[in-house]
Amino acid sequence: MEQFISLAQLPVGGIARVKQLLSTGSMRRRLQDIGLIEGTQVRCVQKSPAGDPIAYEIRGAVIALRTDDSSQILIQPSE
């Protein structure tokens, strides 16, 4: 069985593929607009010293997301 974790749990340098968005409403739309759709590859670039926000590389752009938002994105880490 496949194991999914939230994007917020991806370690720095880790690469994963988006499996599902749990967000709803305008936040879901915003995440889709920046390219977070099923199958998109995401890499964790950097975590702030306090742990929030976290920078991710998404389709060639670096985007910072709050932990609350990134925890609503299910991913499958690359082996």
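Which residue forms a salt bridge with Arg66? Asp69 does, in this predicted model.

**View 1. Arg66 pairs with Asp69 in a salt bridge.** The closest N and O atoms are 3.0 Å apart. Arg66 is partly exposed, at 46% relative accessibility. Asp69 is buried, with a relative accessible area of 9%. The whole structure holds three salt bridges.

**View 2. Arg43 and Glu57 meet in a salt bridge through their side chains.** The N to O distance is 2.7 Å. This pair links distant parts of the chain: Arg43 sits in strand S3 and Glu57 in strand S4, 14 residues apart. Arg43 is partly exposed, at 32% relative accessible area. Glu57 is also partly exposed, at 27%.

**View 3. Six strands form an open sheet, in the order S1-S6-S2-S3-S4-S5.** The pairing is antiparallel. S1 and S5 stand at the edges with a single partner strand each, so one side of each lacks a neighbour in the sheet. S2 and S6 pair over five bridges. Ala16 has Pro77 in S6 as its bridge partner.

**View 4. The largest nonpolar core has 17 residues.** Leu65 is among the members that touch the most others, as are Leu7, Leu31 and Tyr56. Elements giving two or more residues include helix H1 and strand S5. Beyond its neighbours within four places in sequence, Leu65 contacts residues including Arg30, Ile34, Asp52 and Ser70.

**View 5. Confidence across the protein has a mean pLDDT of 93.** Strand S4 is highest, at a mean of 97. Helix H2 is lowest, at 93.

Terms used: Residues are numbered from 1 along each chain as its sequence is written. This is a predicted model: local features need pLDDT of at least 70, side-chain atom pairs count only at pLDDT 80 or more; totals for chains, interfaces and linings use all residues. Side-chain values use heavy atoms; hydrogens and water are left out. pLDDT is the predictor's confidence in each residue, from 0 to 100. Helices (H or I, at least four residues) and strands (E, at least two) are DSSP runs, numbered from the N terminus. A nonpolar core is a set of buried Ala, Val, Leu, Ile, Met, Phe, Trp, Tyr and Cys residues joined through side-chain atoms within 4.5 Å. Buried means under 20% relative accessible area, exposed over 50%, partly exposed in between (1.4 Å probe, protein chains only). Contact means heavy atoms within 4.5 Å. Two strands pair if DSSP finds at least two bridges between them. A salt bridge is a side-chain nitrogen of Lys or Arg within 4 Å of a carboxyl oxygen of Asp or Glu.
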